[in-house]
Amino acid sequence: MQSTLFVVPGLIALAGLMTLTGTAESATTAHSRITRKSFGKAPDGHPISLYTLTNAHGMEARITNYGGIVVSLTAPDRNGKFGDVVLGYSTIDGYIKNSPYFGALIGRYGNRIAKGHFTLDGHTYKLAVNNGPNSLHGGKKGFDKVVWQAHEVRARNGVGLALHYLSKDGEEGYPGNLSVDVLYTLTNNNELRIDYKATTDKDTVLNLTNHSYFNLAGQGNGDVLGHLMMINADKFTPIDKTSIPLGDLKPVQVTPFDFRKPTAIGARINEQDQQLKFGTGYDHNFVLNRKGTGLSLAARAYEPKTGRVLEAYTTQPGVQFYTGNFLDGTIKGKGGKVYKQRYAFCLETQHYPDSPNRPDFPTTVLKPGQTYKQTTVYKFSAR
Ligand code: GLA
């Protein structure tokens, strides 16, 4: 028995995790299982695995230890029919050659750091500039492109995959040896739960997220403009033309960014609005309405044809709502489906972009002796 791997105050404790080998299945986990097969090789020759997690209701998540990528995720529609609701590739090659972060773990810093530098403790750190003048999603070889150590775990209410990565001091320009643990759990409540944990031996900055591209009508089955979206945010962080926050928290009221009541994603996306123009659609950080530090509802998406509902809960202060603006029909994904603009949305739970250069934003600094802990839950249902 391992002791509790991830305990976030006020949350459902994942106590009682145990390794699969030699573990008798309990009644609640009788039908959940995890299997592993080969998924080819990373560019450096490392063998890569693909894990299939199945819960008691038959919901399935396939996750690879290359980039911690969620390769597929099924969810039932209102008739109980399962469909794959995330974009991606069926082979490792697609992910290696050309992936806009499909399903991947993002680090060390989710979203942008302006001009690719920040100052911490009087020292200026220089990062790879890989997105216009800025650094995006951890640099040239972020956590989406590294091989994670993986082991299978059984949770009390489902099945899990524990991933570990040691990011060396100086990797991609970031300070400190950073030890990162991510636990994916597919619960018997039809949730994909992601627990993040990290420690460092030097002051550093950190902003971990997952970059799944959702389409609740099924991956590749058209655009997401008819999905009704609710985002639990009174404010968002407006951006400049390079997508860096201007610094103010702007009320969403009377803007196309007001998703406090469920609204079709496409209802206002083509309005003449400078912020939508800068983002080529929605590609903005929303400041979540929240109390305390526990899991709280960030967003709810509903797809009227299938009845599928996705709720995102998080301990994070923000969420990047991105509407697949840069998909352009050149990617052929799973099942030969062509992914065009707005064929998916992302809900990247996070700290605000460019926080290392914004002392007024919630801090992303992690110091030795502290433990970074965040949790995000994507919960599926249908109505
Ligand atoms: C995030 C960014 C977008 C884009 C996507 C990946 O959502 O904010 O601008 O880079 O990732 O294409």
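Between which two strands does the loop that holds Arg108 lie? Arg108 belongs to the loop between strand S7 (104-106) and strand S8 (112-113), where helices (H or I, at least four residues) and strands (E, at least two) are DSSP runs numbered from the N terminus. This is a predicted model, in which local features need pLDDT of at least 70 and side-chain atom pairs count only at pLDDT 80 or more, while totals for chains, interfaces and linings use all residues. Residues are numbered from 1 along each chain as its sequence is written, and side-chain values use heavy atoms, with hydrogens and water left out.

**The chain as a whole**

- The secondary structure of the chain comprises 2 helices and 30 strands, and its C-alpha trace spans about 55 × 50 × 40 Å along the principal axes.
- The radius of gyration of the chain is 20 Å, which agrees with the value near 21 Å that a compact globule of 383 residues would have; the radius is taken over C-alpha atoms, and the globule rule is 2.2 Å times the number of residues to the power 0.38.
- Of the 383 residues in the chain, 57% are buried, a term that stands for under 20% relative accessible area, with exposed meaning over 50% and partly exposed in between (1.4 Å probe, protein chains only).
- Among contacts between residues at least 6 apart in sequence, 67% join residues at least 24 apart, a contact being heavy atoms within 4.5 Å.
- The chain exposes about 15000 Å², of which carbon and sulfur atoms supply 51%, with areas computed by the Shrake-Rupley method with a 1.4 Å probe.

**Backbone features in loops**

- The peptide bond that joins Gly107 and Arg108 is cis, with omega at about 0°.
- Asn111 is also found in the loop between S7 and S8, and its phi is near 70°, a positive value in a residue other than glycine.
- Asn111 counts as buried because its relative accessibility is 3%.
- Ser243, in the loop between strand S19 (233-237) and strand S20 (250-251), has a positive phi of about 70° although it is not a glycine.
- Ser243 has a relative accessibility of 9% and therefore counts as buried.

**Ser72 and Lys334**

- Ser72 is found in strand S5 (residues 70-76) and is buried, with a relative accessible area of 4%.
- Lys334 lies in the loop between strand S26 (331-332) and strand S27 (338-339), and this residue is buried as well, at a relative accessible area of 5%.
- Leaving aside neighbours within four places in sequence, Ser72 is in contact with Glu60, Ala61, Arg62, Asp84, Val86 and Lys334.
- With neighbours within four places again left aside, the contacts of Lys334 include Val71, Ser72, Asp84, Val86 and Gln219.
- The C-alpha atoms of Ser72 and Gln219 are separated by 9.2 Å, although the two residues are 147 residues apart along the chain.
- The side chain of Ser72 makes a polar contact with the side chain of Arg62 at 2.9 Å; such a contact is a pair of N or O atoms within 3.5 Å, where within protein one must be able to donate a hydrogen and the other to accept it, and residues adjacent in sequence count only if both atoms are side-chain atoms.
- The side chain of Lys334 reaches the backbone oxygen of Val86 at 2.7 Å.

**Thr315**

- Thr315 lies in the loop between strand S24 (308-314) and strand S25 (318-322), and is buried, with a relative accessible area of 9%.
- A polar contact of 2.5 Å joins the side chain of Thr315 to the side chain of Gln374.
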